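Hi,

Here is the structure I promised to pass on.

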There are 6 protein chains.
Amino acid sequence: MPKPRPIDYADASPAVRAVYDDIKATRGVPDVNNFWKYLANDPQGLERTWASVRQVMAPGALDALTKEMIYLAVSVTNGCGYCIASHSAAAAKAGMSEAMFGELMAVVGMANETNRLVNGYRVPIDPAFDV
Amino acid sequence: MPKPRPIDYADASPAVRAVYDDIKATRGVPDVNNFWKYLANDPQGLERTWASVRQVMAPGALDALTKEMIYLAVSVTNGCGYCIASHSAAAAKAGMSEAMFGELMAVVGMANETNRLVNGYRVPIDPAFDV
Amino acid sequence: MPKPRPIDYADASPAVRAVYDDIKATRGVPDVNNFWKYLANDPQGLERTWASVRQVMAPGALDALTKEMIYLAVSVTNGCGYCIASHSAAAAKAGMSEAMFGELMAVVGMANETNRLVNGYRVPIDPAFDV
Amino acid sequence: MPKPRPIDYADASPAVRAVYDDIKATRGVPDVNNFWKYLANDPQGLERTWASVRQVMAPGALDALTKEMIYLAVSVTNGCGYCIASHSAAAAKAGMSEAMFGELMAVVGMANETNRLVNGYRVPIDPAFDV
Amino acid sequence: MPKPRPIDYADASPAVRAVYDDIKATRGVPDVNNFWKYLANDPQGLERTWASVRQVMAPGALDALTKEMIYLAVSVTNGCGYCIASHSAAAAKAGMSEAMFGELMAVVGMANETNRLVNGYRVPIDPAFDV
Amino acid sequence: MPKPRPIDYADASPAVRAVYDDIKATRGVPDVNNFWKYLANDPQGLERTWASVRQVMAPGALDALTKEMIYLAVSVTNGCGYCIASHSAAAAKAGMSEAMFGELMAVVGMANETNRLVNGYRVPIDPAFDV
C-alpha cells in the first residue's frame with residue numbers, strides 16, 4: 001500500500017463526484033479541500049462522514065460559529081495540525097475575530113491545565129454535580 | 001505523603017481563606033467546590049490558578065456560556081470525569097440547555113473522529129489554510 | 001545537548017551493531033530504519049526495546065497482520081506521524097490492502113468518536129460487562 | 001441541566017424505539033446497553049451514530065473480530081473505562097480468547113511506549129515510508 | 001472472556017511465582033500490588049514488563065526519585081487513576097514531600113496548558129532549537 | 001482571520017515590550033523565542049502566562065532541572081513538537097546530559113506503556129494506595 005493520495009474530481013468515480021458536488025454546493029466553494037480528497041479513498045466512509053458532518057455542523061440549538069469553535073477547541077487539544085488550520089479558517093469564516101480566537105485559546109489552555117490538576121489531586125466529584 | 005485531602009474553610013490558612021472568600025463572592029456560592037479545596041494543598045498554586053480562571057472565564061469577546069462549553073468540550077476530549085461533571089453544571093448554570101448539550105457532544109464526537117481520519121490519511125494542509 | 005541524531009552502522013559501537021544485525025536478519029532488510037538509529041543514542045534502551053518488539057510482534061494467538069493493524073490504530077489515535085508512516089508500511093507488507101486500511105480507519109475514527117460520547121454522557125458500565 | 005439519564009424503552013419516543021428495535025434485531029439481544037440509552041437524549045445523534053456503527057462494524061475487508069479488537073485498542077489508549085468494558089465483551093463474543101487479549105494488550109502497550117520514544121527523539125520519516 | 005481477574009501467589013504458576021518473588025525481594029515488600037496480579041494473566045508479558053521496569057527505574061544518570069516523579073507526571077497527563085495512586089505512593093516512598101508534589105503538579109498543569117497554546121497558535125520551531 | 005503570526009519587538013505595543021523585556025532580563029537572552037512572539041497576539045494571555053511560567057518554573061522544593069525534565073516528559077507524552085524542541089534545549093541548559101535524556105525517555109515510554117496495561121486490565125487501586 002503506497003502513501004494515501006488525494007483523489008481529484010477528474011479522477012473520481014460518479015459516487016465520489018456526487019459527494020464532492022454536494023459539498024461544493026452546500027458550502028459555495030469551487031473545490032473540496034484535501035480532507036475530502038483523501039477520505040475519498042474509502043468512498044463509503046466519504047459519503048457517511050459528509051452526511052454526518054453536514055447534519056452535525058448545521059445551525060440548531062447552537063449556531064455555526066459556536067460549533068466551529070468547539071471543533072477547533074477539540075482539534076487544539078488533540079494537536080491535529082491539519083484540523084487546527086482548516087477549522088481556524090472555518091471559524092474565521094463563520095465570524096470568529098482574532099480577539100475571540102485569543103480567548104478561545106486561553107480557555108483551551110486553562111482547561112487542559114486544570115484537567116491535569118484534577119487528575120493529580122484525585123479530586124472526587126462534589127455531590128451537587130452528581131445529580 | 002498520604003493521598004491528597006481537601007482543606008475546609010475552618011482548617012485553612014488566612015491566605016487560603018482569602019481566595020475562598022473571593023471565589024464565593026465572585027460566584028455567589030456558599031462554599032467552594034472540591035477542586036479548590038484540594039488545590040489548596042499548594043497555596044501558591046491555588047492563588048495563581050484562581051486569578052487565571054477568574055480572568056480567562058470572564059465575559060469578553062466570548063460570552064460566559066460559550067467559554068463554559070469550550071471548557072466542557074476539552075474536558076470530554078480528555079476524559080476528565082470530575083471536570084465533565086463540574087463544567088456540565090457550570091455550563092447549564094450559564095444557560096446551556098439539554099438540546100445545546102446534545103449538539104455540543106455531537107460536535108465533540110465528530111471532531112475526535114475526523115481528527116483521526118486526518119492523522120491516518122496523512123492529509124497535508126491546503127495552501128489556502130496556511131496563509 | 002544538541003538535537004538527537006541518528007547513529008549509522010559505520011559509527012555504531014559493537015553492542016549497537018549487534019542489535020542492528022539482529023534487526024536486519026530478523027526482518028530481511030538491508031538497513032534498520034530511523035527509529036532504531038535514533039534510539040541507539042540510548043544503547044541499553046535500544047537493546048531492551050528491540051527484544052520487546054521482537055517478542056511482542058511475533059505471530060502467536062494473533063497473526064502478524066492483526067498485530068500491525070492494532071499498532072497502527074494506536075499510532076493514529078495518538079497522532080504520531082512517524083509511527084503512522086512506518087506502521088502503515090509494515091501493515092501493508094504484512095498483507096493489509098487499501099480496502100482493509102479504509103475500514104481500519106473507519107473503526108479508529110468511530111471509536112474515537114464514541115469514546116467521547118461515553119465520557120460526556122457519563123455512561124455507567126452495564127452490569128453484564130462487569131463480571 | 002441535570003446529570004444525563006438513561007432513557008428506557010418504555011419511556012422512549014417512537015423514533016428512539018425504532019432505533020432500539022433495530023439494534024436488538026441486528027444483535028439478537030433482549031435490550032440495548034447503556035450507551036444507547038444515554039445517547040437517546042439526542043435522538044438525531046442516536047439515529048446517526050447507530051447507522052454509522054452498523055455500517056462501520058459490519059464484516060467487510062476486515063472480519064468482525066478484527067474490527068472489535070481495533071475498537072478495543074483505541075479505547076484502551078484513550079482510557080475510556082466504559083468502552084473498554086463493553087468492547088472487551090463484544091470482542092470476546094466475536095471470538096477473542098484470553099491469549100488473544102493478552103497479546104492485544106502487549107501490542108497496545110508497546111505502541112504507546114514507542115510512539116513517545118519517536119516523539120522525544122524527534123525521529124524523521126524514512127524516505128521509504130513517504131512514497 | 002470474563003473481566004480480567006488478579007492472580008494471587010497461591011494460584012500462580014511457578015513462572016509467575018518466580019516473577020512475584022523477584023519483585024518482592026527487589027522492593028522489600030510482602031506482596032506484589034494489583035498491577036502485577038492482573039498482568040499475570042499474560043505470563044510472558046508479566047516477565048517482560050517486570051524485566052523492563054526493573055531496568056528502567058533503577059538509579060542511573062537519574063536518581064530513583066526523579067524517575068518516579070517523571071512517571072507520575074506522565075500518569076497525571078494521561079489521566080490513569082491507578083497509575084497516579086500507585087506512583088504517588090512510590091514517589092513519596094522515594095522522598096517526594098508534599099511541597100515537591102505541589103510543584104510537580106504545577107509544572108504538569110502548566111506544560112499541558114502551554115502545549116495547547118503552541119498547537120493553536122501553530123508556533124514554528126525556533127532555528128536555535130533545531131540544531 | 002489569517003494564520004497567527006509572530007509579533008517582533010519592533011512591532012510590539014509597550015505592554016508587550018514590557019513582558020519581552022522581563023523575559024529577556026530573567027533569562028539573560030537577547031530575544032524571546034517564538035512561543036512568546038505568537039502568544040503576543042493575546043497581550044493579556046501573554047502577560048498572565050509569563051507571570052505563571054516565571055512563578056512555576058522558579059527553583060523551590062524542586063530544582064530547575066527537575067522541573068524542566070517534568071515539562072519535557074509531559075510534552076513528549078502529548079506529542080507537541082515545538083514544546084519538545086524548546087524544552088529539550090531548556091533542560092540541556094539547566095544541566096541535562098545525553099545520558100539523563102536517554103533515561104528520561106525510557107521512563108516516559110515505560111509509563112505510557114504501563115498506563116495502557118492498567119487501563120485494559122481494569123486494575124483496581126490497591127487499598128494501600130488509597131489512604
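**What I found**

In chain A, the C-alpha centres of domain 1 and domain 2 lie 25 Å apart. Domain 1 of chain A covers residues 1–58, and domain 2 covers 61–124. Before you go further, bear in mind that this is a predicted model.

Let me stay with chain A for a moment. How does its radius of gyration compare with that of a compact globule of 131 residues? Such a globule would come out near 14 Å, but chain A has 19 Å. The C-alpha trace of chain A spans about 55 × 35 × 30 Å along its principal axes. Even with those values, 54% of the 131 residues in chain A are buried. If you take the contacts in chain A with a separation of 6 or more, 55% of them are between residues 24 or more positions apart.

Next, the neighbours. Where chain A and chain D touch, seven residues of chain D are in contact with seven residues of chain A. On the chain D side, those residues divide into two nonpolar, two polar and three charged.

I also looked at helix 3 of chain C, residues 43–57. At 1.5 Å a residue, its 15 residues should span 21 Å, and this agrees with the end C-alpha atoms, which are 21 Å apart. Which residues of this helix are buried? They are Gly45(C), Leu46(C), Arg48(C), Thr49(C), Ser52(C), Val53(C), Val56(C) and Met57(C). And what do the buried residues of helix 3 of chain C pack against? Within chain C, they pack against helix 1 (14–27), helix 2 (34–39) and helix 4 (64–78). From other chains, their partners are helix 6 (98–121) of chain D, helix 3 (43–57) of chain E and helix 6 (98–121) of chain F.

Last, chains E and F. Chain E superposes on chain F by a rotation of 180 degrees with 0.0 Å of shift along its axis, at an RMSD of 0.0 Å. That is how copies related by a two-fold axis sit. The two copies meet through the same surface, because 100% of the interface residues of chain E are also interface residues in chain F.

Cheers

Technical notes. Residues are numbered from 1 along each chain as its sequence is written. Chains are lettered from A and ligands numbered from 1 in the order in which they are written. This is a predicted model: local features need pLDDT of at least 70, side-chain atom pairs count only at pLDDT 80 or more; totals for chains, interfaces and linings use all residues. The radius of gyration is taken over C-alpha atoms; the globule rule is 2.2 Å times the number of residues to the power 0.38. A residue is buried if 20 or more other C-beta atoms lie within 10 Å of its own, exposed if 12 or fewer, and partly exposed in between; C-beta atoms are placed from the backbone. Ala, Val, Leu, Ile, Met, Phe, Trp, Tyr, Cys and Pro count as nonpolar, Asp, Glu, Lys and Arg as charged, and the others, Gly among them, as polar. Helices (H or I, at least four residues) and strands (E, at least two) are DSSP runs, numbered from the N terminus. The expected span of a helix is 1.5 Å times one less than its number of residues. Copies are superposed by least squares on the C-alpha atoms of residues with pLDDT of at least 70 in both. Domain bounds come from an automatic or database domain assignment.
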